[in-house]
Every structure is written in structure tokens, then in C-alpha cells.
Amino acid sequence: MVRKGEASASLYGEPRKFDPKFRGPIHNRHCTDIVCCVIFIVVILGYIALGVVAWVHGDPRKVIYPTDSYGQFCGQKDTPNENKTILFYFNILKCASPVVLINLQCPTTQLCVSKCPDRFVTYIDVQASYRYKPDQWNYFKQFCKPGFNSPRKSVAQVLRDEDCPSMIIPSRPFLKRCFPDFSTKNGVLTVANQTTFKDGRGKTRNVTDLREAANGINNVLDARSIGVKIFEDYAISWYWILIGLFIAMVVSLLFLVLLRFTAGVLFWIFIFGVIGIIGYGIWHCYWEYDHLKGIPGSDLTVYDIGFQTDFRVYLQLRQTWLAFMILLCGVEVIIILMLIFLRNRIRIAIALLKEGSRAIGYIMSTLFYPIVTFILIAICISYWAVTAVFLATSGEPVYKVMANQTLCKYANLTCDPETFNTTNVTKLCPGAQCTFAFYGGESLYHKYIFILQLANAFVFLWLVNFAIALGQCTLAGAFASYYWASRKPADIPLWPLFSSFGRAIRYHTGSLAFGALILAIVQLIRVILEYLDHKLKGTQNSFTRFLLCCLKCCFWCLEKFLKFINRNAYIMIAIYGKNFCTSAKEAFFLLMRNVVRVAVLDKVTDFLLFLGKILVAGGVGVLAFFFFTQKIPVIAQEAPALNYYWVPLLTVIIGSYLVAHGFFSVYAMCVDTLFLCFCEDLERNDGSTAKPYFMSASLHRILGKKELSPKKAVG
């Protein structure tokens, strides 16, 4: 009969045998996954070449500055538009067309001007009076096409060729574009104190038509407007944000120091705090339930009142508070039962946390390694963003036919603005214009811009995952050096973090790149699925939506699984120096042979660290909220005036969480490494004089392992 332990061992691999020469991370290593290392270096060189090509062809000014109908920048130096920094729309009423949202371009001539018009004037009035009012004509012609100075030309021809606008209206610049100068008078929308205006084509229009047209453009520019305000908020509050992040760093370090000495106390404070909060919730629900007794209408049921949009109605019912009280009682009972049955596992988790604190205390430099990872990821993000912008702005101006008539067969076709008026398009589609649409081209480079953007995103994901993998392998090597030291800290190698980093770079770049490549492929597929889901969001095909939802769920699970496998594979690489596949297999089998410990210890540790992150982010966030809303009297005058106080507030909260995550990720990596080393220790050794354990005395006591050898175990 096969024993249960033997069956488990055969299914998940054989436990390691005792090796008298093994004393921690192996120093005599060889390069692993050389082919992947070479491919990785070639891809990096290609990525640099892609950035250079994009830099040569791209021009970020195409994103920053508005572009007129001739594809020229407004305000560009050494051009006729150098002093014309604002974009003017000939007929802003056309901007209410759906074409604006489809093509992100208003179907009317657009010119760069030095200032926006400040009066109501029609071309008909100007032409009729240009002989005895030359000043009015000189003012109006600055909003006509450059070089046009023919007031004798018939009005019909001028409006057909769009030499001049049919009208100008009082406007003001907004995001470097002329918009009607709206105001309200006694609750009525006006422009320059007028509610109506002449459109220059024989009609009197209401200013609400201008509002609809302006909204057509604003739908495109709203995001940019909010972005400008957010940028302003960051510009005046950045140093306070840095102060908040510094406070988060100090609190995170303090929390880690406290964990070293009072991990158990902190854990039980958290647990009893949760129990106390839920208990208060139960009492409050009972108080509300009892307080509503006898009040007319409070004994009605939810079924009696039906669905109500105002959810405060339900809070007037006794049944609602009774349901809340029962729910909270159930949660309270579940938590208490879990604490009773998992008390020994919790003690083990606390012991691992204390052991991790002790290891970090001996290797304090590991706490600041996340800064290296952050710098590497910041470089990757910056390079990807700059390359993406330059790729997006590559090419020459492309012009398309813009027509209000939806039946115009030439609409959205490319055109040449120099020869457009000689074609029959204007005859078949009256009012059609050949206007600038976007930047592109017909060359091989321009045809594959989208593919290059995908390549840019893929290599970016690969490099980010490599930076994370390098950090995990480096930290694992340092903490493994601590665990496998017979006498702690005397036998811990000198500069364990730098030694581990050198080993990872010199010998295992290929293995780390291999693991990062697998993860990057899955992440790219997820990005593509999200893109397809966004594009097909309006489709009525239920099967397509269901299939996409299933694929997104499957690849999300696959990514989580790969991250778990990669993390433990990097630990095994740091210890034994084997290639990625072998290390992943051995780590997986080792974890499966200790699956109960993995499930309980890992999750309890994650829970503790998550509570710490919430404590840091929440505490600093509350402090930032009171500061930015000027509710701290002592320093209320120091708080900056903001457009959106939530901009720096959210930045501080998210930044504090990330700072805490950076420090606690070192702690989590330490605990995971010590746990794998502990499992290896149990399989390699038996605690005898010939095969002594390397675990500390505190782990011995918690896990019930008797030290049978005379080796000193310093706890």
C-alpha cells in the first residue's frame, strides 16, 4: 500500500536529499537561458532604434498646438503664424454637426489669428460699408484667408469659396481656440448682452445655437480642459504632495520597525478593532431598529414600498436595520470562528513576520531597493510615453473632405487643398471643404505605425516585468543568504544585497527575461482584449460580449497564476542558480508539497501587510484631506487655492499606498523567501547532528521542531 506522503511526493516530485556542501545561495554559477538573454539584448537595441526613428519623424507640437485648415501650427516660430496663436472657426455653427465627434474636426475653415473677434459683424454689412468705413473692413479682413483683400467680390462667391466668414461674434480664447463669449443675464443666455444675432446669410439666430455648436467642440476638448486645470493644481501643490509622500515613507518605516517587536500585538489590535467596529455597527443597527418602533410607516416592508430611487426611504424602515443587524452578526460570528480554528496558523504567520523583521534588520539596505525598481520602471514609462507620442505625431498633414451633407459620396476622402476648388466636389457637395484631418503618410513607415505602437507597448511591458523580476530575484538572494547562515548574523555574507544583484545580472538576465517575456505576452493579449471590448461595447451581439468577457476573465486568472509562479521561480533561481523552467518546476512542486502552509501562511501575511498599507494610505490621506480643505487652523493659510482639491488628495493617497507597497513588498518578498527556504530546510534536513536545521529558534518553538544538533540557533 502506498502511503499518503509517498503518493504526494511522487505526484509533485521527490523531496530534496541532504547535501552536506549546501550552505545557502550557490556562488559557483553559470549563465542560464543564454538564448533568451541574447534575444532580450537585441530587442532592447531594436527598441532604441525605434525610438530614434520615431524621434526623427515625429513632432510633439502636433499634439500641443492647434492646427489650421492648412496643417500649420498656430504660434509656430519663423512662420506667418508666429504671432497668431489662437484658432478661429469661420462658421462655428457647423461645429454642432455629428461630424465633429466622428472625425474630431469641425467641418469649416479654420485659421490662426492673433486675437479673437470682440463684436458682432456680418460680411454683408462690411461689404456694403467698406467705402466709407475702411476701419471696419480692415478689422474684419484679419479673420479672412491670408492675402484676401477683395471687398468687391460678390457675397455669394466669398461665402462659397469661404474666403471670409459670413459673420464674426464676440469671442474669447479657450484652450487656444475662439469660443463665443457667453454670459447669463437674469438667467438668460447672452453673448455681448444680446440674445439674437445675424448669421450673415439672411437669418436671425438665437445664441443658444452658438451654445450647441460650442458644446460640439467642447465634447472633444473637455478632457484637455480638465487636464489643464489638473496640471495647474499640480503646479501649485507639488511640494505639499512630496511632503505627504515623505510622511508616508516615515510611517511605513515606523510600521516595519513596530512589526519587528510587536507583530502579534499589532495583529490583534487590528483584529479586535475590526471586531469592535462590527460590534458597534450591530449596536447602531439595533438602536435604529428600536428607535423607529412606534413611528408611523416604519413597520412597512421593503416589498410594500417597492423600488425607490431615493435610498434614504429604506432607512426609515425597521426591516432595513434588522437586515443590517443580522448581516453584521453573521460576519462577526464568521470572524470569531476563523480566529478560533486558525489560531495556530496565525501564530506561525506572526513568527514569520518577526523572522522577516529580523532579517531586514540585518540587511537594512533591502528596504531602499524598491527605489531602484521605481527608477527603472519610471525610465521605461517615460521612454514608452515619449516614443508613443512621437510615433503618433509622425507623418505629413493629411487632408480630407468635410461635408455637412451625409449623402456626399466624397465625404472623408483624402484631398489636396491646393487643387480642391478646381474639382467638381464643391459642385456635387455644396459647402464641402478640404480641411486638415490628421498626420500620416503613404510610406512603408507610416503604413505600419499601428504595428510599431503595438511593438512599443509590448517591449514596454517586457522591460517593466524584467525590472520587477530583477528586484524580486535580488531581494530573494539577499534574504536566502540570511536564512542559510548557520550563525546569524556572523555567517551572513558581506554586502548580501549587492552580491545578489551582481549574480542576478551576470548569470540570470536570460532567465529573468524569459519569465518577464511570458508575462508580457499575456498582458499584451489582455490589453488587446480590453481594446476590442471598448470598440464593441455598443454591439448588440450578446455572444460576442460573452466570449470577450470569458477571455478577459481567463487571461486575468492566467496572469495572476504566472505572477505567482514567476515570483517563486525567481526565489529558486536566487538560491540554486538554475534556468527559469527548472526553477519554476521545482518551486511549483515544493509549494504543492506544502500546499496547506502556502494557503494559510501566505494569505495571513498578505492580510497583515494589506492592513498596514491601508493604515498608511488612510492616515496620510485623512491628514491631506484636512490640509487641502483648510480645516487645520494652525496651517490653514498655507494650503494652496485649487481648482479640484481631490487632485492632490488622490495623488497623496495613491502615492502613499504605493510608497507603503514598495516597503511592504520587500517585507512580503522576505517572508516568501524565508518560507521557501524553510520548506527546503525541512526536506533537506531532519534536525540531527548530521543534518541540522538552519531555521531560527523562534521558528522551532512555533512549529514544534526540536533542535537535535549542538548548532547554535540565534533567534
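Tutor: Among contacts between residues at least 6 apart in sequence, 71% join residues at least 24 apart. The model is a predicted one, and its secondary structure comes to 21 helices and 12 strands. Of the 715 residues in the protein, 44% are buried.

The largest nonpolar core holds 105 residues. Those with the most contacts inside this core are Trp 462, Phe 479, Tyr 483, Leu 512, Tyr 667 and Phe 675. Helix H15, spanning residues 449–483, supplies the largest share of the core, with 19 residues. Phe 479 can be followed in detail. With its neighbours within four places in sequence left aside, Phe 479 is in contact with Ala 359, Ile 360, Ile 363 and Thr 366, and also with Val 666, Met 669, Cys 670, Thr 673 and Leu 674.

Now the surface. The protein exposes about 38000 Å², and carbon and sulfur atoms supply 65% of that area. One nonpolar surface patch covers about 640 Å² and is made by Phe 368, Ile 371, Val 372, Phe 374, Ile 375, Leu 376 and Ile 379. Val 372, one of these residues, lies in helix H12, which runs over residues 369–392. Val 372 counts as partly exposed because its relative accessibility is 35%, and that class lies between the limits of 20% for buried and 50% for exposed.

How values were computed
Residues numbered from 1 in each chain as written. Predicted model: local features only at pLDDT ≥ 70, side-chain atom pairs only at ≥ 80, totals over all residues. Heavy atoms only, no water. Patch = residues over 30% accessible without salt bridge, like charges linked within 9 Å, V, L, I, M, F, W, Y side chains within 5 Å. Areas by Shrake-Rupley, 256 points an atom, 1.4 Å probe, with all protein chains shown as cover. Salt bridge = Lys/Arg side-chain N within 4 Å of Asp/Glu carboxyl O. Helix = DSSP H or I, 4+ residues; strand = E, 2+ residues; numbered from the N terminus. Buried < 20%, exposed > 50% of the residue type's maximum accessible area, 1.4 Å probe, protein only. Contact = heavy atoms within 4.5 Å. Core = buried A, V, L, I, M, F, W, Y, C linked by side-chain atoms within 4.5 Å.
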